[in-house]
Amino acid sequence: MNEPTSRREFLAVGGAATVAGSLLLGTAHAGDEEHKKGRVRDLIPGAVGEDGKYTLPPLPYAYDALSEVIDEQTMRLHHDKHHNGYVKGLNAAEEALAKARETGDFGNIDHLSRKQAFHGAGHFLHCVFWNSMAAPGTGGAPSDQLAAAIKKDFGSHDAMVAHFSAASKKVEGSGWGILGFQAAGEKLVVLQAMNHQLLTQWGIVPLLCIDVWEHAYYLKYQNKRAAYVEAFPKIINWTNVSNRYAMVAH
Ligand code: MN3
């Protein structure tokens, strides 16, 4: 699905237009509507079903595949219960918003908007999270294209990892460390999200993220979030991260 060549296909018609423009205007695949939709969806893999309802995508590996770093029970609870809760919450929020439009009763709009943002951001980040990990020794290395961008935007790979790790360790309460592509500046950025939806910018495509909610690590690491963050590079799926980058970068 995410072959490196998809970048060229993705941007073939958009040409020199900005990636954001291609995404927003849908110009990337004129003449092949279904194919275009598939490519846009691939940016957040598995988030939506054919009927447009949000869905829980299966893990792309066994529950125990990451056990050197993340134990099987944590993966089962995290994926089947926590992530599924965000999927249900997002669908429920959208249904309630549709009902509000039908009835004209927007009395709960603040509440529903918060639920939409929280559960939506939670769902989308988890979809990227599962895919940006792989069993130790199988995740490959950054592509030449991604490696060059990391060097340009962070100085070196080690500096990027140090930035990503520091941001992840220091999230206040529950949140995420995120390596993302920022469309406005066509550059890579590290963000430190609180909950799922706070402390972001607009136009960010998450490429790699680490969940630092306690539910992501507490069974194995207890309160030692730093140990979990420091072990995380062993299970980064750089092939997946590179492919997602190739879809959005020039
Ligand atoms: Mn989580």
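Let's start with the lining of the largest cavity: Met160, Val161, Phe164, Ser165, Leu208, Ile210, Val229, Phe232, Pro233 and Ile236. Please keep in mind that this is a predicted model. By type, that lining divides into nine nonpolar residues, one polar and no charged. Where does the largest share come from? From α7, which gives four residues. Helix α7 spans 157–169 and strand β3 spans 204–211, and each of them supplies at least two residues of the lining. The volume of this cavity is about 50 Å³, and the structure holds one cavity of 30 Å³ or more.

Now, over to the metal. Which residues coordinate the manganese ion? They are His78 through NE2, His126 through NE2, Asp211 through OD and His215 through NE2, at 1.9 to 2.2 Å. If you'd like to follow along in the sequence, look for the spacing H-x47-H-x84-D-x3-H.

In general, a packed pair is described by the angle and the distance between the helix axes. Here, α4 covers residues 72–103 and α5 covers residues 109–131; their axes come within 8 Å and cross at roughly 140°. The crossing of α4 past α5 is left-handed. As for what makes up the contact between α4 and α5, you'll find 14 nonpolar residues, eleven polar and two charged.

Thanks, everyone, and I'm happy to go back to any part of this.

Terms used. Residues numbered from 1 in each chain as written. Predicted model: local features only at pLDDT ≥ 70, side-chain atom pairs only at ≥ 80, totals over all residues. Heavy atoms only, no water. Axes fitted to C-alpha atoms, helices over the stretch in contact; angles between N-to-C directions. Left-handed = near helix turned anticlockwise from the far one by under 90°. Nonpolar A, V, L, I, M, F, W, Y, C, P; charged D, E, K, R; others polar. Donors = N, O, S within 2.8 Å, 3.2 Å for Na, K, Ca; no water. 1 Å grid on protein atoms, 1.4 Å probe; cavity = no way out; pocket = protein on both sides within 12 Å on 5 of 7 lines; lining within 4 Å. Points joined across faces, edges and corners; volume = space filled by probe spheres on them.
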